[in-house]
Amino acid sequence: LCLQVPELEKATVRIRQPERVRGIIQSLREQGVAKLQVISDFDMTLSRFGCNGRRCPTSHNILDTSRVISEDGKKKLKDLLHYYYPIEIDPNRTLEEKCPLMVEWWTKAHELLVQQKIHKGDIAQIVRESEAMLRYGHGMEFFDQLHKNNVPLFIFSAGVGDILEEIIRQANVFYSNVNVVSNYMDFNDAGILTHFKGPLIHTYNKNNTVLQGTEYFQQLSTRTSIILLGDSMGDLTMADGVPSVENILKIGFLNDKVEERRGKYLDSYDIVLESDETLDVVNGILRYILAE
């Protein structure tokens, strides 16, 4: 397979069952472009995890640390992060334990943001001033290839929809084939944030439960070949809303605590990319599948 997708030889690539992966990629290619869709997380999957030794911000971080948040607000948001984030990534807690706590965290964070009276008109500038960036190694090629071949890209994010859309827009790749489900802000007539629209999406409910009633996957019922991109265990359920999946290739970005989490990621994802800040491997696979 490395002959067809040389990017799979990169040192960052780990695959537990190469034969199985070869079979899936082959099937994706044979099923053809008309059956393909891509379902992806955004923060730390399509956006970068780090740059020059520094962490890049998530869509929540961009807002939390921006100039439109008071010092007191920043402190409270940071306190929430320090309390809840260890719970989110704790391998010894069950999903049943984590879910209500995640809802609690997101709800409190959103309430704090609403108190800041954020103005809709400030969002583009907040993003411009932030250090957010899409993964390089032709991150744009990823969006371009999918757009050119009319392959739907579904971005499923527990982040802030308004912010991540703006990141994609500023990179000039917010094409018509891109569809986002995320936590969106609601502004009043004066353009001030009043609340977040439901349903609340957090790390561990990215599945059918929040997609109930969305027609997106029903409209794409013939798109039974899926490439799924994520960076957490919660991302593995993102394709659960798709009616009848024939082939699914799960690619996981293992950005942090690599040694500690490697086993779990290799058990769950078909291809694991360790500390890889690019989309090279994904682009290579797409080039092979989409080739005439």
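Visitor: How many salt bridges does the structure hold?
Guide: This is a predicted model, and it holds 24 salt bridges.

Visitor: Why do such pairs form in general?
Guide: Side chains of opposite charge can pair when their charged atoms come close.

Visitor: What does R20 pair with?
Guide: R20 forms a salt bridge with D270, with 2.5 Å from N to O. R20 belongs to helix α1, while D270 sits in the loop between α10 and β11, so the pair ties together parts that are 250 residues apart in sequence.

Visitor: Is D270 buried or exposed?
Guide: D270 is buried, at a relative accessible area of 10%. R20 is partly exposed, at 41%.

Visitor: Moving on, which residue forms a salt bridge with E246?
Guide: That residue is K35, and the closest N and O atoms are 3.3 Å apart. E246 lies in the loop between β9 and β10, and K35 in the loop between α1 and β2, so this pair ties together parts that are 211 residues apart in sequence. E246 is partly exposed at 46% relative accessibility, and K35 is partly exposed at 28%.

Visitor: And where do R169 and E165 lie?
Guide: They lie four residues apart in helix α7, separated by about one helical turn. E165 counts as buried at 18% relative accessibility, whereas R169 counts as partly exposed at 40%.

Visitor: Last topic: which residues are linked in a network of salt bridges?
Guide: R14, E259, R262 and E274 are linked in such a network.

Technical notes:
Residues numbered from 1 in each chain as written. Predicted model: local features only at pLDDT ≥ 70, side-chain atom pairs only at ≥ 80, totals over all residues. Heavy atoms only, no water. Salt bridge = Lys/Arg side-chain N within 4 Å of Asp/Glu carboxyl O. Helix = DSSP H or I, 4+ residues; strand = E, 2+ residues; numbered from the N terminus. Buried < 20%, exposed > 50% of the residue type's maximum accessible area, 1.4 Å probe, protein only.
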